[in-house]
Structures are given as structure tokens and as C-alpha cells.
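I opened my notebook today to look up a few things in a structure.

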Amino acid sequence: MSYNVNEKGYYGEFGGAYIPEMLYPNVEELRQKYLEITAEPEFKAEFNQLLKDYVGRPSPLYFAKRLSEKYNTKIYLKREDLNHTGAHKVNNTIGQILVAKRLGKKRIIAETGAGQHGVATATVCALMGMDCIVYMGEIDIARQAPNVARMKMLGAEVRPALSGSRTLKDATNEAIRDWINNPVDTHYIIGSAIGPHPYPDMVTRFQSIISEEIKWQLKEKEGRENPDYVVACIGGGSNAAGTYYHFLHEPEVGIIAVEAAGKGVNSGHSAATSKLGKVGVIHGCKTLLMQTPDGQITEPYSISAGLDYPGVGPMHAHLAQTGRGEFFSVTDDEAMNAGLQLTKLEGIIPAIESAHAFAVLDQKKFKPTDVVVISLSGRGDKDLDNYIDYFKL
Amino acid sequence: MNRISQKLQEDKKILSIYFSAGYPSLNDTVQIIQDLEKSGIDMIEIGLPFSDPLADGPTIQASSTTALQNGMTTQILFDQLKDIRKSVNIPLVIMGYFNPMLQYGVEAFCQKCAEIGIDGLIIPDLPVDVYADEYKATFDKYGLINVFLITPQTSEERIRFIDSVSDGFIYMVSSASVTGSQSGFGNTQEAYFKRIGEMNLKNPQIVGFGISNAETFNQATQYAKGAIIGSAFITHLKENGSSKIGEFVKTIR
């Protein structure tokens with residue numbers, strides 16, 4: 001079975017491009033050109049050079065000794081938190097802005113939840129001298145103030161999304177409306193592995209540098225390319241898609257996805273889509289999505305703004321449905337404690353999103369000989385206020 | 001013959017009105033439809049509210065949200081409309097996003113529409129290619145017309161394709177925008193209306209988005225068969241409640 005996208009834009013029954021006609025010319029242009037553009041030698045050279053000299057890649061694969069001792073298994077951390085701008089998001093924004101330039105676009109729009117994708121987009125827009133507008137839910141603007149300040153300093157305009165739950169879903173709606181209103185000069189840099197085809201595949205390809213590096217880094221350290229498990233947190237699923245990509249068709253590698261359970265999967269305040277979602281259409285793709293029996297999209301909840309999304313990318317919906325991926329749900333409390341534990345044991349403060357991935361160590365027992373690679377997708381600087389509030393530090 | 005096709009054969013410009021079902025109050029739906037027909041409206045688009053209406057501007061977003069807060073659901077709308085054909089003769093179209101229809105079951109949804117006497121559907125986020133491959137047979141089985149959108153950016157080739165798949169009218173979006181977001185048409189729109197008019201498509205075109213008064217209605221229908229008013233009518237409902245519908249219609253023509 002293939003876990004990659006097929007030529008019609010589907011992963012199994014998930015994916016496609018369920019978009020209003022107003023978006024068709026832009027999405028179709030992208031669909032026709034993204035593979036060709038990203039395969040050009042000049043594109044690859046520019047992309048790789050920026051990842052190396054600007055982002056600081058390769059990001060280290062770090063053996064977490066004290067964490068490994070505590071859980072009696074071999075744990076490696078893929079240090080996406082050390083990237084310029086503090087998370088994996090920049091891998092994709094670099095790729096997409098290079099595509100946007102080649103499409104002749106002058107104006108960039110983006111949505112953001114935690115603000116990491118907004119910062120990564122504002123950063124590459126500053127780098128390339130392009131106009132940048134970032135849509136962000138009003139609630140998220142309040143809980144991610146440092147990232148809002150960064151975006152403004154980088155020259156981006158941050159526009160609050162005031163509808164619905166005023167979080168990531170609504171920011172995405174507003175960005176899509178902006179694109180409808182500006183169909184000629186604008187490129188929409190989607191930050192997650194969601195949206196109409198070709199976005200999930202394009203974002204996944206740009207993020208796949210994560211698993212590409214894991215392979216050769218692990219070969220150096222362990223003498224083998226394939227770990228026993230790769231673990232990542234999932235909101236829309238971009239860091240997870242990149243972490244899994246080169247292991248999808250390696251059956252000996254277990255794929256572990258960690259979703260935000262918020263206050264508990266069945267508490268009514270959760271973002272655990274694989275448990276609570278049904279097949280539906282959101283933001284241009286068919287995927288698993290949290291909704292009422294009547295097909296209205298449910299307001300999700302997570303303490304982590306980056307996981308506070310009612311759907312998952314179509315690739316992940318397919319991994320969940322086929323059983324190729326093993327999905328776990330982690331509550332706010334479990335994630336916060338896992339984040340504090342990583343800080344105390346390894347001296348690394350993770351983003352609250354990434355902290356969810358670490359909480360799986362308390363839910364799944366690994367063997368002492370297992371090599372487990374956990375994607376440390378972002379750093380926790382932006383979450384200091386949340387950590388301080390939560391732990392009364 | 002489908003009521004839409006019949007209406008399109010009449011020698012007149014079509015004035016169509018959109019409103020969100022369940023707005024301003026849950027049980028206003030039937031009364032609004034009846035009043036619109038009495039006021040001389042030619043066709044009605046009944047909006048099935050959705051939590052995340054991507055193609056809609058603030059006015060219709062707000063009316064959808066209110067309708068959902070009022071308790072509107074797909075089933076309640078069908079229940080409200082079950083006897084509509086005892087009192088209303090003009091064509092009725094349901095306009096809504098795809099996800100609620102998918103959850104109801106596309107075939108069950110179409111069957112219910114046919115039972116009630118709904119004549120067509122407008123589903124902005126169901127692309128014409130997916131429709132042609134997966135759903136056209138079902139729509140045809142229940143005699144429902146599915147209406148597709150075109151915009152100033154739609155290529156001629158795609159317009160011809162949409163024309164070939166369509167069997168009623170083409171919904172011509174006046175300009176690159178979400179609903180309710182402009183005032184007045186300029187030369188660009190005129191040129192676009194004219195360009196499409198001169199393509200000699202088999203389906204007549206009805207213009208939507210940005211029609212708010214007699215001036216924009218007349219501009220839009222200079223080349224097209226008709227026009228649709230949405231946000232401006234919802235604003236009228238918001239300010240005047242569901243009475244005085246006739247007064248609104250009189251300001252248009």
C-alpha cells in the first residue's frame with residue numbers, strides 16, 4: 001500500500017481539492033507547477049543553501065541520555081527547536097516562498113496558531129522583501145504574545161480572526177477569504193499538511209528534510225538508518241509528516257502520532273481528531289474532522305495553540321484509518337508535565353506542542369533495545385508565560 | 001420540466017434572493033419564502049447555514065452563525081419546508097457547503113430535496129470535476145439541477161467545461177471577492193459580463209456577489225439573464241426583521 005499522495009491528490013479516500021471556484025486558478029496553477037519547480041536544479045540549490053546557512057541545518061539528532069535512563073530505552077531527539085525562528089515551520093516557508101517567487105507572486109498571506117508558522121512566514125518575507133499578512137485567532141494573539149511581537153518586528157501585518165472560536169481554524173478561514181479577494185498577486189503559504197491538493201504533499205515534501213536527516217544521522221550513531229519508532233505531535237501534522245516521510249514504507253519503523261486531548265478525550269474540550277473525528281471536508285480537503293452529527297465543525301480545545309485544530313492532514317487520516325500510524329492522545333496536564341520533565345532532565349524547554357510528543361513515554365512501554373526518535377518540533381520560549389502560569393513558577 | 005428551466009425561458013430578467021434559513025428567527029424560513037414570492041421575486045436561494053462558510057463575507061457569516069445558534073439543522077430545514085409546495089410556486093434552490101450534505105448522505109439529501117420540491121443546489125466547495133465523477137448521476141436521478149460558479153479568473157476552457165456539465169444556469173461571480181464585499185461595478189466588471197455574454201453558452205448566466213440595489217442589478221443584467229442579491233437582503237432583515245420584505249424588493253425593480 002502507498003501512503004503517499006496519488007496523482008488525483010488523494011491518500012486513500014482522504015485529500016482532494018474541495019475548493020470554491022474562486023480559488024481554482026491559483027490552486028490549479030500550483031498543482032501543475034509545484035513538482036516541476038521544486039525539481040529544478042536552481043531551486044534545489046537555493047533551497048538547500050538557505051536551509052544550511054540561514055536555518056542552520058542539519059538540525060542535530062541528540063541522544064537524550066537521562067531521559068533514556070528514566071524510560072529504559074534509547075531516545076533520540078530531532079532538534080527542530082534549534083532551527084532559526086525556533087521550530088520546524090521554517091523548512092516549509094523557505095520552500096514555499098521560493099515557489100511563490102517563481103510563480104511571480106508579490107504578496108504572501110498565512111494563517112498561524114501558535115505563531116510559529118506566522119513568524120517563519122514573516123521571516124522569509126523579510127528575507128525576500130515581500131509583503132506579508134498573517135491571520136491569527138484573537139485568542140491565540142493573546143496567548144502567544146511574544147510571537148505576535150516578532151511578526152510585527154519582521155514587518156508583517158497581523159490580522160485578528162474574530163469569528164468562531166477565534167483560533168487556528170478561524171485564522172485559516174480568514175486567510176482563504178483573503179486569497180479569494182486577491183486572486184492574482186497573492187500566494188497563500190499554508191503552514192500545515194492540510195488544505196487542498198497539492199498543499200498537503202507540497203508541505204510534506206518540504207518538511208521531509210527532517211526524516212532525510214534522521215536516516216543518515218542515525219546511521220552514524222547507531223549503524224542503522226531506521227529507528228524502531230518515530231514519534232511526533234499532530235495538529236494539522238506538518239512536523240509529523242516530515243518526521244515520518246522517509247519511513248512510511250519501511251514496515252519495521254513504528255509510526256507514533258500524538259494528539260492533544262485537551263482536558264480529556266471525552267471532556268468536550270479536546271482536539272483528539274483521530275478519536276473524535278469523522279470523514280468530512282475542511283479547508284479544502286476530505287479528512288477526519290471533529291464535527292456535529294449535522295456536519296458543523298466543532299470548536300476544538302488544547303492548551304497548545306499549535307494543536308488546537310479540529311482536523312488532521314489527509315495523509316495522517318489515512319495513516320490512522322489504515323493502522324499504519326499508532327495514535328495517542330495526551331491531555332494538557334500530561335503535556336505540561338512532560339515539558340517540565342524534559343527541561344529538568346535534559347535542559348531543553350520544549351514548545352507545549354512538542355511536549356505532547358514526550359508524554360507518550362508514559363503511555364507506551366518501549367523495550368530497552370528500542371531506538372525511539374522523537375521530533376522536538378519547537379522551542380518553548382514562546383510558551384514561558386503558559387509554563388509560568390501553569391506551574392506557578 | 002424543472003421549475004428553474006421553465007423560469008429561465010420567461011422573457012424577463014430574473015431577480016433571485018438569497019437568505020440564511022433560520023434567520024433572523026428559527027421559524028422565519030417559510031414566511032420569508034412566501035413573502036418573497038408575493039413580492040415578485042423569481043427565484044429563491046435558501047442558505048443552509050454552515051459553521052465555516054469560506055466563500056462568504058461578514059454579513060452572511062453572521063447570519064449563518066445566528067441561524068446555527070437558533071438551532072437550525074439540515075433536518076429542521078427539511079421539516080420546515082415539507083409543505084412548501086402547497087403555497088410556493090417559484091424555483092427554490094438550496095445553497096450550502098458540502099460537509100453538512102456529506103454528513104446527511106448525498107443521496108439521502110438529494111432524495112429529500114426532490115420530495116420537498118427543491119429544484120436545484122449550489123454547493124460552492126464541491127468542485128465541478130468531483131461532481132461530474134461522483135455525484136452527477138445521483139443529482140440527475142432526483143431531477144436536481146446543480147449550479148456552478150465562474151469568476152473573472154475562470155479560463156475560457158473551464159467555462160466551456162462547466163457549461164457542458166451544467167443544466168440550468170451558471171452562477172457568475174461578479175468579481176474576485178467573498179460575498180457582500182463591494183459597492184458598484186466598474187469597467188472591469190462590465191467587460192467581464194460582456195465577454196461571458198458573448199461566449200454564447202448553452203446555459204444562461206445569473207450574476208451574484210456585489211448586487212445590492214437597483215443600479216447594480218441593472219448593470220449586472222445588461223448582459224446576463226438575472227442577478228442574485230444576498231448580503232444586502234440579509235442586512236435588510238437584520239434592520240427590519242422579517243416584515244417589510246416587499247419594500248426591499250420595490251427598491252430593486
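Here are my entries, in the order I wrote them.

**Ground rules.** I noted that this is a predicted model, where local features need pLDDT of at least 70 and side-chain atom pairs count only at pLDDT 80 or more, while totals for chains, interfaces and linings use all residues. Residues are numbered from 1 along each chain as its sequence is written, and chains are lettered from A and ligands numbered from 1 in the order in which they are written.

**Where the chains meet.** I looked up contacts, meaning residues whose C-beta atoms, placed from the backbone, lie within 7 Å. I found 25 residues of chain A in contact with 31 residues of chain B. On the chain A side, helix H8 (168-181) and strand S11 (278-282) each give at least two residues; helices (H or I, at least four residues) and strands (E, at least two) are DSSP runs numbered from the N terminus. H8(A) has the largest share, with 6 residues. I sorted this side of chain A into 12 nonpolar, 9 polar and 4 charged residues. Here Ala, Val, Leu, Ile, Met, Phe, Trp, Tyr, Cys and Pro count as nonpolar, Asp, Glu, Lys and Arg as charged, and the others, Gly among them, as polar.

**Domains of chain A.** I read off domain 1 (22-50 + 89-202) and domain 2 (56-87 + 208-391), with bounds from an automatic or database domain assignment. Their centres, taken over C-alpha atoms, are separated by 22 Å. Their contact takes 30 residues from domain 1 and 33 residues from domain 2.

**The core.** How many residues does the largest nonpolar core have? I wrote down 206, and among those with the most contacts inside it are Val134(A) and Tyr171(B). Such a core is a set of buried Ala, Val, Leu, Ile, Met, Phe, Trp, Tyr and Cys residues joined through C-beta atoms within 7 Å. Buried means that 20 or more other C-beta atoms, placed from the backbone, lie within 10 Å of a residue's own. Leaving out residues up to four places away in sequence, Tyr171(B) touches Ile122(B), Val147(B), Phe148(B), Leu149(B), Ile206(B) and Gly208(B).

**One helix of chain B.** In helix H6 (residues 106-116), I found Phe109(B), Cys110(B), Lys112(B) and Cys113(B) buried. They lie on the same side of H6(B) because they cover an arc of only 160 degrees around the axis, taken from the directions from the helix axis to the C-beta atoms. Their packing partners in chain B include helix H4 (74-80) and helix H7 (128-141). After H6(B) comes Gly117(B), with a positive phi near 105 degrees.

How values were computed. Two residues are in contact if their C-beta atoms, placed from the backbone, lie within 7 Å. A residue is buried if 20 or more other C-beta atoms lie within 10 Å of its own, exposed if 12 or fewer, and partly exposed in between; C-beta atoms are placed from the backbone.
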